[in-house]
Amino acid sequence: WNPDRYDPAEWAAVARRAGMRYAVFTTRHHDGYCLWDTRTTDYSSACQAPKRDFVWEYVEAFRAAGLRVGLYYSLLDFRLPAWLRGPRGDPIGWPAIRQYVFEQVRQLLTQYGPIDVLWFDGLWPRSAAEFGSRELLQMIRSLQPTILVNDRLEWPQYSWYWQFDNWEERYRGDFLGDFGTPELGIYCDPRFLWESCQTSVHRLWGYARGEWWRTPEELLTLLVTCALGGGNLLLNVGPKPDGTLPPEFVERVSLIGDWLKRHGEVIYGNGQGPVTEFITH
């Protein structure tokens with residue numbers, strides 16, 4: 001895999017045309033492949049075919065475009081059996097896995113300047129206590145005091161419970177992090193910051209040929225509904241294997257950007273309110 005047409009400046013230009021204010025870049029997903037120059041493993045874009053630090057390129061380009069930068073990081077690595085076995089199942093391997101994750105997070109927060117958002121995923125099947133989520137969060141705050149961290153340093157994260165009327169009775173976590181991340185759903189709670197993460201296609205998060213794209217009207221309705229509930233929309237796109245954004249995505253978000261030029265005052269910083277119900281196209 002070598003996305004030789006990856007151009008983060010073009011990505012940033014698309015984001016600006018679409019009216020976006022920030023982005024979240026996947027630095028590592030559940031397969032453990034790292035998209036930056038890390039000293040912890042050679043399973044990375046810097047050591048493999050691309051020979052590039054994609055995280056550095058992204059951060060520089062988006063920052064230059066005036067956009068806030070976020071980093072996604074999967075705690076889970078399917079290649080490492082100790083993560084699935086846990087501290088009881090693998091008392092020798094587990095400390096090394098934990099140290100490996102801590103060090104990678106430290107690198108991401110010390111090699112690229114100020115980071116605005118840190119977006120975790122994949123703690124399952126481990127618990128916050130097993131992994132040491134509180135200790136990791138303390139390290140993050142010491143390195144980047146102004147960063148926003150999502151709610152997935154515990155499992156299950158509390159935002160998944162908002163869809164239940166009695167969610168506070170069912171949830172017994174510590175509310176680690178700063179904002180909730182309801183996935184493929186919009187569940188509002190005015191007591192918390194939240195962001196709904198949604199796909200721009202109907203099923204998958206990564207790029208797949210032949211996927212069914214949501215219409216511009218569907219995507220705009222997601223944005224309006226999130227604004228109506230006082231939250232943000234994080235719209236996912238899977239880049240093509242060559243590193244370019246799918247033209248279907250570019251077309252759709254550009255249309256939304258045109259709409260925002262006319263009606264952005266009802267979306268940006270407006271808080272919760274019903275006015276957006278009347279402006280959907």
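**View 1. Contacts of Leu75 in the predicted model.** Leaving aside neighbours within four places in sequence, Leu75 is in contact (heavy atoms within 4.5 Å) with Arg28, Trp83, Val101, Phe120, Asp121, Gly122, Leu123, Phe131, Leu136, Arg152 and Leu153. Residues are numbered from 1 along each chain as its sequence is written, and side-chain values use heavy atoms, with hydrogens and water left out. As this is a predicted model, local features need pLDDT of at least 70 and side-chain atom pairs count only at pLDDT 80 or more, whereas totals for chains, interfaces and linings use all residues.

**View 2. The largest nonpolar core.** A nonpolar core is a set of buried (under 20% relative accessible area, 1.4 Å probe, protein chains only) Ala, Val, Leu, Ile, Met, Phe, Trp, Tyr and Cys residues joined through side-chain atoms within 4.5 Å. The largest such core has 70 residues, of which Phe62, Leu75, Val105, Phe120 and Leu136 touch the most other members. A second, separate core of six residues includes Trp119, Phe179, Cys197 and Leu234.

View 3. In H3, residues 81–89, the buried residues are Ala82, Trp83 and Gly86. These residues lie on the same side of H3 because they cover an arc of only 145° around the axis, taken from the directions from the helix axis to the C-beta atoms. On the other side of H3, Arg88 and Gly89 are exposed, that is, over 50% relative accessible area. The cover over the buried residues of H3 includes helix H4 (93–110) and helix H5 (128–131).

How values were computed
Helix = DSSP H or I, 4+ residues; strand = E, 2+ residues; numbered from the N terminus.
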